[in-house]
Amino acid sequence: MWYNTKATEILGIDFPIMQGPFGGGLSTVELVATVSNAGGLGGYGAYMLSAEEIFETNKKIKASTNKPYNINLWVSDTDAPSGAVTDEQFDNAAKIFKPYFDEAGIPLPEKPAPFRSRFENQVQSILDIRPPVFSFVFGIPSPDVLTQCRKLGIKTIGAATTLDEGIVLESAGVDMIIGSGFEAGGHRPSFLSPAEKSTTGTFVLLQLLKEKLKTPIIAAGGIANGRGVAAAMMLGAEAAQVGTAFLACDESGALPAHRKMLFSEASKYTMLSRVFTGRLGRGISSRLATDLIGKEKHFLPFPLQTTFMSSLRKAALDQQKWDMVLFWGGQIAPILKHKKASELMQSIIEEASAIMDS
Ligand SMILES: Cc1cc2nc3c(=O)[nH]c(=O)nc-3n(C[C@H](O)[C@H](O)[C@H](O)COP(=O)(O)O)c2cc1C
């Protein structure tokens, strides 16, 4: 059967469909459990959680499903040297953003406090709780961590946005590699070259990785239905990771306004921008991001730009100034149909089966 692949064997799941993990509070236990219980692999984006919160979340997931699931972290979670910015950097950013804070009628925030990477503590919690699958982006954990995962029976999945990243992930010995095309919603998780220079589309990246590597490949970016899954598998993917289509479902942590935007005409226009977090990510085009094209050197490094912008986001949401809010989403959004994750899963499986079995 088309759905018995190396990925389903390695991951111990029924269908080669992964729900893309979402960072930034957009993952939910309910979504993870719904997808895993339907035979796919639910994924929880935990990069903003403390070790204790990961522990608690894992307990809740285990109470909601006895099927395999994935917990996801960011290996590199800051671009600020020593976690801080200088007064000059902050003043420059403040100058650029002041008109938007004025428009929202709120004061500019204070300079963000220095940020300390959370990855070391988070990854220790992964080793302690032993989720069936640990996926990661923005780099590769140390050889020691990967060896421990192997010993503990935790399957590892790294993400590549270029062939070079795929090659180094393979040498590190991960179990599977996600080829993440630039169509995808959310951050572009590049770690060798700048994200702006790592913009290969999913189906080219997939074929390059398939041709040059032995590690099983998972296709991500622009896949939202059974036809997309079938196409990825025809090109050599062992599974597909679907993000935006699950983000739009009621079970995700997205705000109602966000889900509404994903189903609206506005979703025809997406763009990659660093304006909201300091790292390059794809969301529905907004006035704020469009206005500030070319001003990137004034933005604060990730994640300090996020802390700087969070009060603006809150005020813009309260005032329904949608053109100042980043609604994450990928290029495939205009074809989305389903609002229930179980219906989306069923529809993907039925459509892919009709195509692959004919
Ligand atoms: C809002 C949002 C947040 C995301 N956060 C993460 C994350 O923290 N870790 C990760 O590995 N992938 C993350 N992704 C990527 C998805 O897991 C998935 O690979 C991607 O959405 C697939 O492309 P698609 O959106 O075209 O379906 C995120 C995607 C979105 C839309």
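How many residues in the lining of the second largest pocket are nonpolar, how many polar and how many charged? The lining of that pocket divides into five nonpolar, three polar and four charged residues. The model is predicted.

**Largest pocket**
- The volume of the largest pocket is about 1100 Å³.
- Its lining has 50 residues, and G23, L26, G186, H187 and W328 are the closest to the centre of the pocket.
- Several helices and strands supply at least two lining residues each, including β3 (69-74), β9 (239-242) and α10 (244-247).
- α13 gives the largest share of this lining, with five residues.
- By class, the lining holds 28 nonpolar, 20 polar and two charged residues.

**Ligand**
- The ligand is surrounded by 22 residues, of which N72, G222, Q241, G243 and T244 are the closest.
- In this shell, 12 residues are nonpolar, 10 are polar and none is charged.
- β3, β9 and α10 each provide at least two residues of the shell.
- T244 has a polar side-chain atom 2.5 Å from an oxygen atom of the ligand.
- For Q241, an N or O atom of the side chain is 2.8 Å from a ligand oxygen atom.
- At G221, a polar backbone atom lies 3.4 Å from an oxygen atom of the ligand.
- On its own the ligand has 600 Å² of accessible area, and the protein covers 94% of that.

**Second largest pocket**
- The second largest pocket holds about 150 Å³ of space.
- Among the residues that line it are D79, R188, R274 and R279, along with F138, F191 and L280.

Methods:
Residues numbered from 1 in each chain as written. Predicted model: local features only at pLDDT ≥ 70, side-chain atom pairs only at ≥ 80, totals over all residues. Heavy atoms only, no water. 1 Å grid on protein atoms, 1.4 Å probe; cavity = no way out; pocket = protein on both sides within 12 Å on 5 of 7 lines; lining within 4 Å. Points joined across faces, edges and corners; volume = space filled by probe spheres on them. Helix = DSSP H or I, 4+ residues; strand = E, 2+ residues; numbered from the N terminus. Nonpolar A, V, L, I, M, F, W, Y, C, P; charged D, E, K, R; others polar. Near = heavy atom within 4 Å. Polar contact = N/O pair within 3.5 Å; in protein donor to acceptor, adjacent residues only side chain to side chain. Areas by Shrake-Rupley, 256 points an atom, 1.4 Å probe, with all protein chains shown as cover.
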